[in-house]
Amino acid sequence: MSNTDDDEPARGWQHDVYDVLRAHDVSQFSYVPDAGHALLIDLSIADPDVHSIALTTEEEGVALAAGANLGDARAVLMMQSSGVGNCINFLSLMKGGKFPLLTIISMRGEFGEGNPWQMPMGQAVRPVLEAMGVICMDVTTPDEAVPTVEAAATMAYKAGNSVAVILTQKLLGAKVF
Amino acid sequence: MAKQHKELPEPIFKMDRCKAVPALIGNHEDFLIVSGLAGTSKDMASLTGDAANLYTMAGAMGAATAMGLGLALAQPDKRVLVITGDGELLMNVGTLATISVLNPANLSIVCVDNGYYGETGYQKSHTSRGVHLEQMAIGAGIKMTSTIESEDQLEDGKRMLRETNGTSFVLLRVSQERPPAVKRLMEPAAARTRFRTALLGHS
């Protein structure tokens, strides 16, 4: 398509990621509110065909995904890097039970971070997830977002893995204070 | 006594869970069931003969309630029962808030409250020291709640678990009698396959 219709709002990569998730029949979108995921969260709230589930803490989203799988539905957990730390013990359920998990993580505490509180957990995201058997894949440019989420969804829902797509601060930009 | 350690007169509850839980649940085949570690999983494995409509937990403490939510949203035409203890529910009591804003009509939650962490040696839980979990469920916004402390209330509770107006929460206060000693499937992946195969016809 050409740029003939100037009235159409620009479709960002987040819209394309949402479409990939829906194409994989994801029907449960869970999250703790987060600036990095704001558009994906809003798309799920606006979609009459899905459940948009606001969590009080991120580990609920891990257990929710296991329950969804018992009932043959697919869930995605959207969280900030700090929420990863809240999930660790519940990942026992996914690893032990061979439940699929797809999570999309918006990073803080890495490239260009200015808030020292974000650094410890941000730096620990990949090692702690990998220690619990979660496969981690980085997205550093907008072009990588769709193929990475597509690959992760296939590895989670078809091959039964726990997979994390890590939206890096190179992609999202560091928060300016 | 440690600083600010509060000891209240111990609440006395008379019902034996081995009788009260089966009376409250009734026909287990009315539900898909997720049970929390460890006492309630023994209660339910005993009641159902460790049936395929039951997923019992022996770890991931605090996960049972959110797991039941995912199952209830996935299977809106089936009734889903989460049954868990006071210790496990306290670990993620915020899940009651997550559930109440969605208010799935096919989800019921039972908390079997004996006031103790039975699995780790019967240390007192917060509910023996002034915390009331039905009040927390009400505060979370769950509209249909009750506390059951005697046999004559069990029939009403049994009905509430089958209500279709929204999520219900039943607090069942029991004595310190141990749950039934029963063997159950302890391998979480095998339990997942068993549950899915029975429900879906495939793993």
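This is a predicted model: local features need pLDDT of at least 70, side-chain atom pairs count only at pLDDT 80 or more; totals for chains, interfaces and linings use all residues.
**Entry 1: chain A as a whole**

Reading from the N terminus, I wrote down the order of the elements in chain A as α-β-α-β-α-β-α-α-β-α-β-α-β-α.

Next I looked up the extent of chain A, and along its principal axes the C-alpha trace spans about 55 × 40 × 25 Å. I then asked myself what radius of gyration a compact globule with 177 residues would have. The rule puts it near 16 Å, and because chain A has 16 Å, I noted that the two agree.

Of the contacts in chain A between residues at least 6 apart in sequence, 74% join residues at least 24 apart.

**Entry 2: one leucine in chain A**

I picked A:L21, which has its place in helix α1 of chain A, residues 13-23. Is A:L21 buried or exposed? I found 24 C-beta neighbours inside 10 Å, and the cut-off for a buried residue is 20 or more, so A:L21 counts as buried.

Setting aside the neighbours within four places in sequence, I listed the contacts of A:L21 as A:V26, A:V76, A:V149 and A:A153. I also looked up A:N89, which lies 68 residues from A:L21 along the chain, and the C-alpha atoms of these two residues are separated by 26 Å.

**Entry 3: helix α1 of chain B**

I turned to helix α1 of chain B, residues 17-25, where I found B:R17, B:A20, B:V21, B:L24 and B:I25 to be buried. Looking down the axis of α1(B), I saw that these buried residues fall within an arc of 120°, which means that they line one face of the helix.

What do the buried residues of α1(B) pack against? I noted the helices α2 (39-48) and α7 (154-160), together with the strands β4 (107-113), β7 (144-148) and β8 (168-173), of chain B. Just after α1(B), I came to B:G26, which takes a positive phi of about 70°.

**Entry 4: where the two chains touch**

Finally I looked at the two chains together, and I found 27 residues of chain B in contact with 27 residues of chain A. On the side of chain B that touches chain A, α3 (64-74), α5 (95-100) and α8 (188-200) each supply at least two residues. The largest share of that side, eight residues, comes from α3(B). Sorting the residues of this side of chain B by type, I recorded 17 nonpolar, eight polar and two charged.

Methods
Residues are numbered from 1 along each chain as its sequence is written. Chains are lettered from A and ligands numbered from 1 in the order in which they are written. Helices (H or I, at least four residues) and strands (E, at least two) are DSSP runs, numbered from the N terminus. The radius of gyration is taken over C-alpha atoms; the globule rule is 2.2 Å times the number of residues to the power 0.38. Two residues are in contact if their C-beta atoms, placed from the backbone, lie within 7 Å. A residue is buried if 20 or more other C-beta atoms lie within 10 Å of its own, exposed if 12 or fewer, and partly exposed in between; C-beta atoms are placed from the backbone. The arc is that of the directions from the helix axis to the C-beta atoms. Ala, Val, Leu, Ile, Met, Phe, Trp, Tyr, Cys and Pro count as nonpolar, Asp, Glu, Lys and Arg as charged, and the others, Gly among them, as polar.
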